[in-house]
Amino acid sequence: MLLKQLPQAVQQMRCISSATTAVTRLHRSVYCRLYPTVVVQPDGSTINIRYHEPRKIIKLPLDLSTLTDAERKARLEARKPRKKVKIMEEVEDNFNAKKYMKYIKKK
């Protein structure tokens with residue numbers, strides 16, 4: 001009723017259609033439906049489940065206490081950032097400028 005009293009220049013209408021999109025996820029604490037999700041277990045096997053939040057993959061953590069010492073060290077090394085190898089090439093410089101002085105024209 002109040003909108004009818006305002007002039008057209010002051011009224012603002014929001015167009016909500018199927019063409020409008022949101023960039024972020026919906027900020028809900030409870031989702032009303034269940035979504036198909038893949039659970040990846042530590043051994044690599046996968047299970048399809050219905051999850052209350054819209055996610056594609058859930059990866060379960062690996063228990064490091066169940067691994068052998070060699071496997072544990074390999075996993076911890078893989079977590080560390082890799083160092084970039086700098087290749088320093090030494091070019092043998094045997095260029096002699098005096099050898100080419102005969103090709104320079106003098107004025």
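**Entry 1**

I looked up Arg-72 and found it partly exposed, with a relative accessible area of 25%. For this I took buried as under 20% relative accessible area, exposed as over 50% and partly exposed as in between, with a 1.4 Å probe and protein chains only. The model is predicted, so I note that local features need pLDDT of at least 70 and side-chain atom pairs count only at pLDDT 80 or more, while totals for chains, interfaces and linings use all residues. Residues are numbered from 1 along each chain as its sequence is written, and side-chain values use heavy atoms, with hydrogens and water left out.

Which side chain meets that of Arg-72 in a salt bridge? I found Asp-69, at 2.9 Å from N to O. A salt bridge here is a side-chain nitrogen of Lys or Arg within 4 Å of a carboxyl oxygen of Asp or Glu. Asp-69 is exposed, its relative accessible area being 53%. Both residues belong to helix H2 (residues 69–79), and because they are three residues apart there, about one helical turn separates them. Helices are DSSP runs of H or I with at least four residues, strands are runs of E with at least two, and both are numbered from the N terminus.

**Entry 2: the salt bridge count**

I then asked how many salt bridges the rule gives. The count comes to three. One of them joins Arg-55 to Glu-53, with the closest N and O atoms 3.0 Å apart. I recorded Arg-55 as partly exposed at 42% relative accessibility, and Glu-53 as partly exposed at 23%. Another links Lys-80 with Glu-77, where the closest N and O atoms lie 3.4 Å apart. Lys-80 is partly exposed, at 48% relative accessibility.

**Entry 3: aromatic rings**

I next searched for ring pairs and found two aromatic pairs in the structure. Phe-95 and Tyr-100 form a stacked pair, 5.7 Å centre to centre with 15° between the planes. Tyr-100 also pairs with Tyr-103, and this pair is tilted, with 6.4 Å between centres and 35° between the planes. The rule covers rings of Phe, Tyr and Trp (its six-membered ring) with centres within 6.5 Å; planes under 30 degrees apart count as stacked, over 60 as edge-to-face and the rest as tilted.

Is Phe-95 buried or exposed? I noted Phe-95 as exposed, at 59% relative accessibility. Tyr-103 is likewise exposed, at 60%, whereas Tyr-100 is partly exposed, at 41%. I close with the cluster into which ring pairs link Phe-95, Tyr-100 and Tyr-103.
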